Amino acid sequence: KKKLTRIDLQKMKQDSQKAVWITAYDYWTAAFADQAGMDMILVGDSLGMCIYGYSGTVPVTMDQCIWHSEAVRRGAANTFIIGDMPFLSYQVSVEEAVRNAGRFHKEAGVDAIKLEGGRRVCPQIQAIADGGMLVMGHIGLTPQSSGQQGGFKAQGRTAAAAKDLIEDAMAIEAAGAFALLVEAVPPEVCGIIRERLSIPVYSIGAGWEADGQLMICSDVLGIFQAFTPKFVKKYENLGEKTVSAFQQYAQEARNGLFPKEEHAYKMVEKELPKLKK
Ligand code: KIV
Ligand code: NA
């Protein structure tokens, strides 16, 4: 398997071939995503919720994102990996944004980074792109500013709000982003954005009009139990399966049914040590 490039992703859009991607936060999930033939992996700051149990993404630090991106890189050497810029890693200044985007590349070997926001982060997008890095935009529901959005709420559902999103999207492309992610927005609004932009426009909860889809690994697997957004489809129930496996192990160990002969090491010498009584 050959790792995709920006040019491949652009060509997939031109050929109406959907790009499929998923989040991963650790080595094994990354390896499974790679084996499953995912086109891209996002090391989302959703790791704050999915891995660390925070109620949102705001507490997530650069170091956490770097460590998890490193693990994902080791698990998926041949997959295009996007590092997600956490809260306060790019908002304060353009300079900090470039430095932190660079950290993702130098320390974790990502292929691109993603950051949230529209026109207000275009100076950062442009500066990171000018630094030679691939930047993905992210508009619609933006969890790092969920306070301003009044919670984790769908966006762009009125004509005025949709117009605002479309203008953000166009500004992001003009600033030099290589792709755009649209989250929790009606399909027709995502469709207009896709029509207006020449870079790939991807969806998470933004319908079928996009150039590809992203899902959160813990949602696809049925691991994340705190809440389920409307746009989630659970393809497995690994949460229940995990509890059941843990219960079976506990029951067998309690009842002396595990471990058995086949799990035990054999002595290489028959004799056991002779000890004083
Ligand atoms: O952090 C993340 O996983 C994301 C997606 C929810 C879009 O940014
Ligand atoms: Na994110």
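**Asp-84 is buried, because 26 other C-beta atoms lie within 10 Å of its own.** A residue counts as buried with 20 or more other C-beta atoms within 10 Å of its own, as exposed with 12 or fewer, and as partly exposed in between; C-beta atoms are placed from the backbone. The model is predicted: local features need pLDDT of at least 70, side-chain atom pairs count only at pLDDT 80 or more, and totals for chains, interfaces and linings use all residues. Residues are numbered from 1 along each chain as its sequence is written, while chains are lettered from A and ligands numbered from 1 in the order in which they are written. Asp-84 sits in strand 3 (residues 80-84). Strands (E, at least two residues) and helices (H or I, at least four) are DSSP runs, numbered from the N terminus. Beyond four places in sequence, the contacts of Asp-84 are Leu-42, Val-43, Gly-44, Asp-45, Cys-65 and Lys-114. A contact means that two C-beta atoms, placed from the backbone, lie within 7 Å.

**Asp-45 occupies the loop between strand 2 (40-43) and helix 3 (47-50).** Asp-45 is buried, because it has 31 C-beta neighbours inside 10 Å. Its contacts, leaving aside residues within four places in sequence, are Thr-57, Val-60, Cys-65, Asp-84 and Pro-86. An unreviewed UniProt entry lists Asp-45, Asp-84 and Glu-116 under "binding site". These positions span 72 residues of sequence, yet they cluster in space, with a largest C-alpha distance of 10.9 Å. UniProt positions follow the numbering used here, feature names are shortened, and annotations may be inferred rather than shown by experiment.

**Lys-114 lies in strand 4 (residues 112-116).** Lys-114 is buried, because 24 other C-beta atoms lie within 10 Å. Not counting residues up to four places away in sequence, Lys-114 touches Leu-42, Ile-82, Asp-84, Met-85, Met-136, His-138 and Leu-181. UniProt (unreviewed entry) also gives "binding site" for Asp-45, Ser-46, Asp-84 and Lys-114. This set is spread over 70 residues of sequence but clusters in space; the largest C-alpha distance is 12.6 Å.

**The shell around ligand 1 holds five nonpolar, three polar and three charged residues.** Here Ala, Val, Leu, Ile, Met, Phe, Trp, Tyr, Cys and Pro count as nonpolar, Asp, Glu, Lys and Arg as charged, and the others, Gly among them, as polar. The shell consists of Thr-23, Leu-42, Gly-44, Asp-45, Ser-46, Asp-84, Leu-181, Glu-183, Ile-204, Leu-214 and Ile-216. A residue belongs to it if its C-beta atom, placed from the backbone, lies within 6 Å of the ligand.

**Glu-183 carries the UniProt annotation "active site" (unreviewed entry).** Glu-183 is located in strand 6. Glu-183 is buried, because 23 other C-beta atoms lie within 10 Å. Outside four places in sequence, Glu-183 contacts His-138, Gly-140, Leu-141, Ile-204, Gly-205 and Ala-206.

**Leu-180 is also found in strand 6.** Leu-180 has 29 C-beta neighbours inside 10 Å and therefore counts as buried. Its contacts, setting aside neighbours within four places in sequence, are Met-136, Gly-137, Ile-139, Ala-169, Ile-172, Leu-197, Ile-199 and Val-201. Trp-67 lies 113 residues from Leu-180 in sequence, and the C-alpha to C-alpha distance is 25 Å.

**Eight strands close into a parallel barrel in the order 1-2-3-4-5-6-7-8.** On average, neighbouring strands of this sheet are turned by 25 degrees against each other, direction ignored. Helix 8 (residues 159-175) packs on the sheet and touches strand 5 (135-140) and strand 6; its direction makes about 175 degrees with that of strand 5. Axes are lines fitted to C-alpha atoms, for helices over the stretch in contact; angles run from 0 to 180 degrees between N-to-C directions.

**Strand 1 (residues 19-23) runs parallel to strand 8 (residues 212-215), joined by four bridges.** Strands pair if DSSP finds at least two bridges between them. Gln-213 of strand 8 stands opposite Val-20. Gln-213 also stands opposite Ser-203. Strands 7 and 8 are parallel and share two bridges. Strand 6 (residues 179-183) and strand 7 (residues 201-204) pair in the parallel sense over four bridges. Val-182 has Ser-203 in strand 7 as its bridge partner.

**The whole protein has eleven helices and eight strands.** Its C-alpha atoms fill a box of roughly 85 × 40 × 35 Å along the principal axes. Of the 277 residues, 42% count as buried. Among contacts between residues at least 6 apart in sequence, 58% join residues at least 24 apart.
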